[in-house]
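Visitor: I would like to learn how to read a few features of a protein model. Please take me through them one at a time.

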Amino acid sequence: TLFRSKAVEQFKQRNPGLKPETILSLPMKELTEKLKGGLLAPESVLYTYIAKALEVTNETNCLTDFLPECEAQLQKIKNEPVKGLLYGVPVSIKEHFGYKGHVSTCGLLHYIDNEDKEDCVIVTVLKIGRA
C-alpha cells in the first residue's frame, strides 16, 4: 500500500484541482456517462477510489491486495475505440474470486501458494465491460 499511497499523492500533485468528493458522490449511472463522454478522466476516478480505499483500509484493514496491473489495464482500455458498459469504473474484487496471477486463499492457509492460472467468470465479465 505504500506504493499506492505514493502514486495517489503524485497524482494529486499533478492534478491540484481534482475534487475527490465530487467523484465519490456520483451515482454509478452518472459516473459511467461522464467517463464515456470524456467529462471525467479515468485516471482521476481510479486514483480517487484508490485514495478512498487506502483511507478505509487504514481504519478497518479491509484490503488484502491491490492489483498493480490496474494502471496498465486502464491505459489499454482508453485506447480502444469501443467503450464497454463499465468503462473506467474501478471495482473491488473479493479475495476469494480468482484473478489470474494472484493468490485467492479464501482465508485458508492451505491455499497460500496457489496462484490463479485464469480469471474467474466474474472477473472476466468485469474485464469485458472494461471495468
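Visitor: Where does Glu43 lie?

Guide: Glu43 lies in helix H4. Helices here are DSSP runs of H or I with at least four residues, strands are E runs of at least two, and both are numbered from the N terminus. This is a predicted model, in which local features need pLDDT of at least 70 and side-chain atom pairs pLDDT 80 or more, while totals for chains, interfaces and linings use all residues. Residues are numbered from 1 along each chain as its sequence is written, and side-chain values use heavy atoms, without hydrogens or water.

Visitor: Is Glu43 buried or exposed?

Guide: Glu43 counts as buried because its relative accessibility is 15%. Buried means under 20% relative accessible area, exposed means over 50%, and partly exposed is in between (1.4 Å probe, protein chains only).

Visitor: Which residues does Glu43 contact, leaving aside neighbours within four places in sequence?

Guide: Glu43 is in contact with Phe11, Leu74, Gln75 and Lys78. Contact means heavy atoms within 4.5 Å.

Visitor: Phe11 is on that list. How is a pair of aromatic rings described?

Guide: By the distance of the centres and the angle of the planes. Rings of Phe, Tyr and Trp (its six-membered ring) pair if their centres lie within 6.5 Å; planes under 30 degrees apart are stacked, over 60 edge-to-face, and the rest tilted. The structure holds one aromatic pair. Phe11 and Tyr47 form this stacked pair, at 4.7 Å centre to centre and 20 degrees between the planes. The pair links distant parts of the chain, with Phe11 in helix H1 and Tyr47 in helix H4, 36 residues apart. Phe11 and Tyr47 are both buried.

Visitor: Which charged end sits over the ring of Tyr99?

Guide: That of Lys127, 4.5 Å from the ring centre. The rule asks for NZ of Lys or CZ of Arg within 6 Å of the ring centre and within 35 degrees of the ring normal.

Visitor: How is empty space found?

Guide: A probe the size of a water molecule is rolled over the atoms. On a 1 Å grid over the protein atoms alone, a cavity is a set of points where a 1.4 Å probe fits but cannot get out; a pocket is an open set with protein on both sides within 12 Å along at least five of seven lines; lining residues have an atom within 4 Å of a point. Grid points are joined across faces, edges and corners, and a volume is the space filled by probe spheres set on the points.

Visitor: How many cavities of 30 Å³ or more does the search find?

Guide: One. The largest cavity has a volume of about 40 Å³. Val8, Phe11, Lys12, Leu18, Pro20, Tyr47, Thr48 and Ala51 line it. Helix H1 (2-14) and helix H4 (42-60) are the elements that give two or more residues to this lining.

Visitor: What is the volume of the largest pocket?

Guide: About 960 Å³. The pocket is lined by 36 residues, with Asp65, Leu67, Val91, Ser92 and Ile93 nearest its centre. H4 gives the most to the lining, seven residues.
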